[in-house]
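Work through the exercises below with the model open. Each task comes with a stepwise solution.

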Amino acid sequence: MFRLSRFLNDIAANHPFRPRGRPRAPVVIWNLVRRCNLTCKHCYAISADRDFPGELGTDEVMAVMQDLREYGVPALILSGGEPLLRPDIFEISRQAKALGFYTALSSNGTLIDEGNIADIAAVGYDYVGISIDGLRETHDAFRRRKGAFDDALGGIRLCRDAGIRVGLRMTLTRDNAHELPDVLALMDDEGVDKFYLSHLNYGGRGNRNRKDDAHFRMTREAMDLLIRASWSDVQAGRDREFVTGNNDADGVYLLHWVQRHLPDRAALARQLLADWGGNASGRDIANIDNLGTVHPDTFWWDYPLGNVRERPFSQIWNDTSDPLMAGLKQAERPVKGRCSACTHRDICGGNTRVRAWQITGDPWAEDPGCYLDDDELGIRAGAARVPVTPFSRPDPLRQVKLKVEA
């Protein structure tokens, strides 16, 4: 996750640079249930409105949470599917809070109503994130249900009025990018103080002309808008938060903005961004799915690392016998192609490895979602690049394929 507002606040304050240090254990995004009342177009969990067999029971979840806490996991993001469809969600959430986790709920918002808002408020969630993928018609089309927008907005208002910190989440695609200004205006109108933009760009064309590519131009325009909004808040002393996810090139893009607009702060900005280090999959971010299988993050569901029913999470996460995990945990990842020649890879960490995996079959290939051109990345013409080669795991028996039931 790229905390845009935090960086801009630090740059504006212009305090001497101090390294933040790495967390002891990762934030865990936990898909507690795969069932969902919606069938969204961009769902990575391939959810449906029915029960899925083999999901962790309440006692199993409680035992895993205890292990996570003892290991030092600081935060749990409880997700799905739709987590509110899990009957024991509030019991689990209360225990998470009792154990001292920062506890967030990731919901589509449509099931938050007058009947459960008191229970949601009583948990004391540190944050509730609700997806809004455009205005009414666009959102309903994305969520494949008429009325989904109004129900989600109703959930946002109930959370806000109950004093719960609530935020809007939007996944950027070609179909809804034109409505990003409208969603930010909705954020203003509804008095919401956090916005999360999730990138969704799995392909790319060209290197030197990426600024002119329609797909990448959309991404750049979205980032320009978010930077302006966040910087305006910083200047006004307004306490709101803008964050992005799934494209760590955002850090390099911000550096170029600082170089243009605040050149005297560019050295500080680079120190702060390099200290952040970009992509955290397999290192500072982890995923547990509904069956208890551990993955490097939520988009690696076809790459299991182990199951918490068989080994404690702490053992699975520390096991670097798997070549992907060994590479993800390296201070400098063994990236190839264009990424290997980039002079800013200490900022982005090689960006989102799962895109390279899905496009080429090699998790260390260049990220096809990087929207900056060679000049912006400091890649000299003719610079040597590590070639992309086939990737395989040493133990094929560990390749458990995700079963998608019709």
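**Exercise 1.** Find the angle at which α1 and α9 pack in this predicted model, and classify their relative direction.

*Solution.* 
Step 1. Locate helix α9 at residues 249–261. Helix α1 spans residues 4–13.
Step 2. Take the geometry. The two helices pack at an angle of about 30°, and their axes lie 12 Å apart.
Step 3. Apply the cut-off: angles under 35 degrees count as roughly parallel. Therefore α1 and α9 are roughly parallel to each other.
Step 4. Assign the hand. The crossing of α1 and α9 is right-handed.
Step 5. List the residues in contact. α1 contributes Leu4, Phe7, Leu8 and Ile11, while α9 contributes Leu254, Trp257 and Val258.

**Exercise 2.** Determine which residues of α1 are buried, and why they lie on the same side of the helix.

*Solution.* 
Step 1. Pick out the buried positions in α1: Leu4, Ser5, Phe7, Leu8 and Ile11.
Step 2. Look just after α1. There Asn14 has a positive phi of about 60°.

**Exercise 3.** Decide where pLDDT stays under 50.

*Solution.* 
Step 1. Start with the chain. Its mean pLDDT is 91, and 91% of its residues reach 70 or more.
Step 2. pLDDT stays under 50 over residues 203–209 and over residues 396–406.
Step 3. Count contacts beyond four places in sequence. The model has 18 for residues 203–209 and 18 for residues 396–406.
Step 4. Where pLDDT is low, predicted coordinates should not be read in detail.

Notes: Residues are numbered from 1 along each chain as its sequence is written. This is a predicted model: local features need pLDDT of at least 70, side-chain atom pairs count only at pLDDT 80 or more; totals for chains, interfaces and linings use all residues. Side-chain values use heavy atoms; hydrogens and water are left out. Buried means under 20% relative accessible area, exposed over 50%, partly exposed in between (1.4 Å probe, protein chains only). Helices (H or I, at least four residues) and strands (E, at least two) are DSSP runs, numbered from the N terminus. The arc is that of the directions from the helix axis to the C-beta atoms. pLDDT is the predictor's confidence in each residue, from 0 to 100. Contact means heavy atoms within 4.5 Å. Axes are lines fitted to C-alpha atoms, for helices over the stretch in contact, and angles run from 0 to 180 degrees between N-to-C directions. Angles under 35 degrees count as roughly parallel, over 145 as roughly antiparallel, 65 to 115 as roughly perpendicular and the rest as oblique. A crossing is left-handed if the near helix is turned anticlockwise from the far one by less than a right angle, and right-handed if clockwise.
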